[in-house]
Amino acid sequence: MNITKRNAGFGFGSGFGFGSGFHRRAVVWCRFNVALWLLLFATPAVGDWPQAAGPNHDYKIRGHAPTDFSVALGRNVLWRTPLPNTGESAPIVANGRVFVTCHAPVTADAQLGSEILGICFDAKTGKELWRRELPGTRATDMASGFSDNTAASPVTDGEYVCFVNVGGSIRTFDFDGRLIWQHDWVPFGRHHARQQEPILHAGNVILLKTVAKDLPVSATTKAGAKPLGRDPSVWTRLHAFDLATGKIQWVAESATSVHAASLLNHTDDGTAAILTGRGGGHQPPEEPYGISLLDADSGKTIWDLEIKGYAAHQNAVWQGSRGAAFVGTQHHLIDLRQGALRPPVSLVENVDLWKQQNGNYVSLQKTNLPKAKKNKAITYHTNCLVGDFHYFRTHNQYLLGRVNLLTAKVEYLQVPVQVVRTEDGEERLWDKAIQNDVKNVDGFVVCQDKRAMLSGWGHVSAASPIVVGDYLYMPTMVGTVYVIRWDAATLDESALVSISDLGPAGKTWTLSSLASEDGKLYARTIKELICISD
């Protein structure tokens, strides 16, 4: 484990304690208050969901939203609006508008696609107000379990909305759909920047793209990218664009792999920073594998931490001086002041498990999970830090898991992989989901990779969960949404408030996170945009 620190013009203060018990000097309090003022007054209206990670950059908001709903039965559904084709971006809500991206319509099964659509809807009625085209230089399979060109969600400050085609273009419009600025590039490599959601901060939109310019279109394919090697000139890095003008404000010093889901938060002294990572499947070129903390206002590196075997396909969760990460089947706390990992906790040994047996739950204390074929602990990007708990979905066995950051206790709850609902009743499936048809609203099969027809657990770039008040909402690819009381004393069946759904089993597909605004939930599937309300 190697740590490299660089001078970023600020410090974290002295000492280390996850309880934050140290005394701050007056200058630190001043900086904190300035940062708080910027946070409050440089974002859209209270209650908006202006980016995939929500108004606070961490997929969490206070308030309430429906905790039991069924789109399959029309229960607690305010409105539903058909979408022109599949898409994977989260719905973004601001100032009475909802924004999503979709692939352009298709005319046959399993076509490739490069062009996408940025679409604006009325949040009260679901009526489409306008749509705009975003070209792409990379053609990709749609509805892939590992992303497509619509994977990046829009961002908005309440005046402008920025859409990103991961295949190589950005278009920013005002709320009437007038083009403000645009930017195009040729992506490097066949991998999609699935989980790096655009970040809204201080008037900038921060997103991931290659630093290389004038790449040939062949570089968007695996075969065409291979001759270009692993040189830093083709690495992907976070870029900050001025949301109003499109001018590039900074390019990050430390690189970010396309698998990574970087998150912005604030250090103990109020400084805005971004935790990012490198590493993962198919040997991404960016090095060293591990994590970095970046100054969100300049892109400068605060520290780099090399971690052997680190896989970046997880949400880089942190707050203040404390972060958390998965390395193989181990869980680590991260000392954000020092850029260091704390001793690991096993995710598979000496754990508590609530398991279903013969229609009832039984408790297994201090047990070991069965050895898996692959050394993977979580379903990619399903982790969320809330309170003193780090929640996630396991790679195998259909378990919801959490780690108590204070006690290091690891708990698991087995859940049904899917609930089949009809007017005549419901059936819980514990071992295998119904094969998904992956058809869009026009009836075309839009996937090429047959793994997109499976359960959405394990080897898939899954949607990230969100938290509204006391409840965590964990969506899956088949449209199942587990609603959990996240602060439950024990992660047992009583903590599972509901197993809700976004549509009929076998005919509902989504890799999009939910959004919440004004007591409502917004969701999108392969077929439709949905508003859920009590």
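At 11% relative accessibility, Arg 421 lies below the 20% limit for burial and therefore counts as buried in this predicted model. Its partner in a salt bridge is Asp 501, with the closest N and O atoms 2.9 Å apart. This pair connects distant parts of the chain, since Arg 421 belongs to strand β33 (residues 418-422) and Asp 501 to strand β38 (residues 496-501), 80 residues apart. Asp 501 is likewise buried, because its relative accessible area is 4%.

Another salt bridge is formed by Arg 485 and Asp 487, whose closest N and O atoms are 3.2 Å apart. Arg 485 has a relative accessible area of 32% and is therefore partly exposed, and Asp 487, at 33%, also counts as partly exposed. Salt bridges with shared partners, in turn, join Arg 421, Glu 426, Arg 428 and Asp 501 into one network. A further salt bridge brings together the side chains of Arg 178 and Asp 176, at 3.3 Å from N to O; here Arg 178 counts as exposed, because its relative accessibility is 52%. In total, the structure holds 22 salt bridges.

As for the chain as a whole, two helices and 41 strands are present, and 61% of the 534 residues count as buried. The radius of gyration is 22 Å, which agrees with the value near 24 Å that a compact globule of 534 residues would have. Among the contacts with a separation of 6 or more, 60% are accounted for by residues 24 or more positions apart. The accessible surface comes to about 20,600 Å², of which 51% belongs to carbon and sulfur atoms.

Conventions: Residues are numbered from 1 along each chain as its sequence is written. This is a predicted model: local features need pLDDT of at least 70, side-chain atom pairs count only at pLDDT 80 or more; totals for chains, interfaces and linings use all residues. Side-chain values use heavy atoms; hydrogens and water are left out. Helices (H or I, at least four residues) and strands (E, at least two) are DSSP runs, numbered from the N terminus. The radius of gyration is taken over C-alpha atoms; the globule rule is 2.2 Å times the number of residues to the power 0.38. Buried means under 20% relative accessible area, exposed over 50%, partly exposed in between (1.4 Å probe, protein chains only). Contact means heavy atoms within 4.5 Å. Accessible areas come from the Shrake-Rupley method with a 1.4 Å probe; for residues, only the protein chains shown count as cover. A salt bridge is a side-chain nitrogen of Lys or Arg within 4 Å of a carboxyl oxygen of Asp or Glu.
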